[in-house]
Amino acid sequence: MADDRDRDSTEVAVAEFHKKIKEAFEVFDHESNNTVDVREVGTIIRSLGCCPSEGELHDLIAEVEEEEPTGYIRFEKFLPVMTEVLLERRYRPIPEDILLRAFEVLDPAKRGFLSKDELIKYMTEEGEPFSQEEMEEMLSAAIDPESNSIHYKDYITMMVIDEN
């Protein structure tokens, strides 16, 4: 009996995921022909609550692209791959407390903020560096124009996706 219940709940989850994926995909299907520009795929995936790294996103795109890349992704190829990603709960966002600890490591004086220059230095010189475009996007969202710094507790609260 438990197997039937598990199968039923999986089927319900799959149906729910299919609906969400279709809705997210359709936002970017400007021609209404079941395709989206390959450059929109990351935005679609993130709108579904997934946070893949650039490398993971690249692998996902390779999985859903045509043999001969056209610059467009077809819904029929995207749907099964994205359904599997959601079912397996891959690319979950990093929990708030871990993000906070990461910022606190960069702020040993425990001021509660980083200056714009500090943020740029950490994000472009350490680990997997941000591209110019990624850096500008983060700065526009994160930096308080009055103090020219990032108050990271507020930023984390804004960034974290509500799971419900």
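This is a predicted model: local features need pLDDT of at least 70, side-chain atom pairs count only at pLDDT 80 or more; totals for chains, interfaces and linings use all residues.

Student: OK, and at what angle do the axes of α6 and α7 cross?

Tutor: Roughly 145 degrees, and the axes come within 11 Å. For orientation, α6 covers residues 116–125 and α7 covers residues 132–142.

Student: Which residues make the contact?

Tutor: On the α6 side you have Lys116, Leu119, Ile120, Met123 and Thr124. From α7 come Met135, Met138 and Leu139.

Student: How does that contact of α6 with α7 split by class?

Tutor: There are 6 nonpolar residues, 1 polar and 1 charged.

Student: Switching topic: how is the chain divided into domains?

Tutor: Domain 1 runs over 2–88 and domain 2 over 96–159. Their centres, taken over C-alpha atoms, are 30 Å apart.

Student: And where does UniProt place the EF-hand feature?

Tutor: The UniProt record, an unreviewed entry, has "domain: EF-hand" at residues 16–51 and 94–129. In the model, the span 16–51 is 56% helix and 8% strand, with its end C-alpha atoms 20 Å apart. For 94–129, the figures are 58% helix and 6% strand, and the end C-alpha atoms lie 18 Å apart.

Student: Back to helix pairs. What about α5 and α8?

Tutor: Helix α5 (residues 96–106) packs against helix α8 (residues 152–159) at about 150 degrees, with 10 Å between the axes. That angle makes α5 roughly antiparallel to α8, because anything over 145 degrees counts that way. The crossing of α5 and α8 is right-handed.

Student: Who's touching whom there?

Tutor: α5 brings Glu96, Leu99, Leu100, Phe103 and Glu104. α8 answers with Tyr152, Lys153, Tyr155, Ile156, Thr157 and Met159. By class, that contact holds 7 nonpolar, 1 polar and 3 charged residues.

Student: One more: α3 and α4, how do they sit?

Tutor: α3 (residues 54–64) and α4 (residues 75–87) have axes that come within 9 Å and cross at roughly 140 degrees. So α3 is oblique to α4.

Terms used:
Residues are numbered from 1 along each chain as its sequence is written. Side-chain values use heavy atoms; hydrogens and water are left out. UniProt positions are given in the numbering used here, feature names are shortened, and annotations may be inferred rather than shown by experiment. Helices (H or I, at least four residues) and strands (E, at least two) are DSSP runs, numbered from the N terminus. Axes are lines fitted to C-alpha atoms, for helices over the stretch in contact, and angles run from 0 to 180 degrees between N-to-C directions. Angles under 35 degrees count as roughly parallel, over 145 as roughly antiparallel, 65 to 115 as roughly perpendicular and the rest as oblique. A crossing is left-handed if the near helix is turned anticlockwise from the far one by less than a right angle, and right-handed if clockwise. Contact means heavy atoms within 4.5 Å. Ala, Val, Leu, Ile, Met, Phe, Trp, Tyr, Cys and Pro count as nonpolar, Asp, Glu, Lys and Arg as charged, and the others, Gly among them, as polar. Domain bounds come from an automatic or database domain assignment.
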